[in-house]
Amino acid sequence: MKQGDAVYLSALDETMEVLRRWAREGRTDGWYKSLSEELKAKGHNVHYRGPIISLLLGDACRRDSQGLEPMLSSLVILKATGRPAGQFFELAKGAPFHRTAADWTWEQERARVFARYREH
């Protein structure tokens, strides 16, 4: 699987479906490993510690948000820390999201995701 190929795009669609469902459910236990297992059950072999899962999460955020909407991947956390991995925070700082620590926390971002998807 390579970023942008048909297999990747199929995995990206499924990643977005899983994350949107988690958002509607208000899940706060959305671990990287759980996402990996759900993707595997749908035929997408994406390891929770591999580079592809980070690419999928970044692309899911960019596909779901033009920057103002909440970042969908804020739902995915490390079991050990209960927080997203460092890649999430790097993504949040960059375009088109431009989140800054002065006025932003990932917990607020996650709450905004929950609110957005519970409305639909």
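Guide: A pocket is found on a 1 Å grid over the protein atoms alone: it is an open set of points with protein on both sides within 12 Å along at least five of seven lines, and lining residues have an atom within 4 Å of a point. Grid points are joined across faces, edges and corners, and a volume is the space filled by probe spheres set on the points. Here, the second largest pocket holds about 170 Å³ of space. Please note that this is a predicted model, in which local features need pLDDT of at least 70 and side-chain atom pairs count only at pLDDT 80 or more, while totals for chains, interfaces and linings use all residues. Residues are numbered from 1 along each chain as its sequence is written, and side-chain values use heavy atoms, with hydrogens and water left out.

Visitor: Which elements give two or more residues to the lining of the second largest pocket?

Guide: Helices (H or I, at least four residues) and strands (E, at least two) are DSSP runs, numbered from the N terminus. Helix 3 and helix 4 are the elements in question, and helix 3 supplies the largest share, five residues. Among the lining residues are Tyr-32, Leu-57, Ser-73 and Phe-88.

Visitor: What volume has the largest pocket, and which residues are the closest to its centre?

Guide: Its volume is about 290 Å³. Of its 16 lining residues, Tyr-32, Lys-33, Tyr-48, Arg-49 and Leu-78 are the closest to the centre. Helix 2 contributes the largest share of this lining, four residues.

Visitor: Is Leu-57 buried or exposed?

Guide: Buried means under 20% relative accessible area, exposed over 50%, and partly exposed in between (1.4 Å probe, protein chains only). Leu-57, a residue of helix 3, counts as buried because its relative accessibility is 6%. Ala-101 lies in the loop between helix 4 (86–93) and helix 5 (106–118).

Visitor: Which residues does Leu-57 touch?

Guide: Contact means heavy atoms within 4.5 Å. Leaving aside residues up to four places away in sequence, Leu-57 touches Thr-15, Leu-19, Tyr-32, Leu-35, Ser-73 and Val-76. The C-alpha atoms of Leu-57 and Ser-73 are 5.7 Å apart, although these two residues are 16 residues apart in sequence.

Visitor: How does one read a nonpolar core?

Guide: A nonpolar core is a set of buried Ala, Val, Leu, Ile, Met, Phe, Trp, Tyr and Cys residues joined through side-chain atoms within 4.5 Å. The largest one has 24 residues, and Leu-19, Trp-22, Leu-35, Leu-56, Leu-57, Leu-75 and Val-76 touch the most other members. Helix 1, helix 2, helix 3 and helix 5 each give two or more residues to this core, and helix 1 gives the most, with eight. Apart from this core lies another, of 10 residues, including Met-71 and Leu-91.

Visitor: What covers the buried residues of helix 2?

Guide: The buried residues of helix 2 (residues 32–41) are Tyr-32, Ser-34, Leu-35, Ser-36 and Leu-39. Their cover includes helix 1 (6–25) and helix 3 (51–64).

Notes: 1 Å grid on protein atoms, 1.4 Å probe; cavity = no way out; pocket = protein on both sides within 12 Å on 5 of 7 lines; lining within 4 Å.
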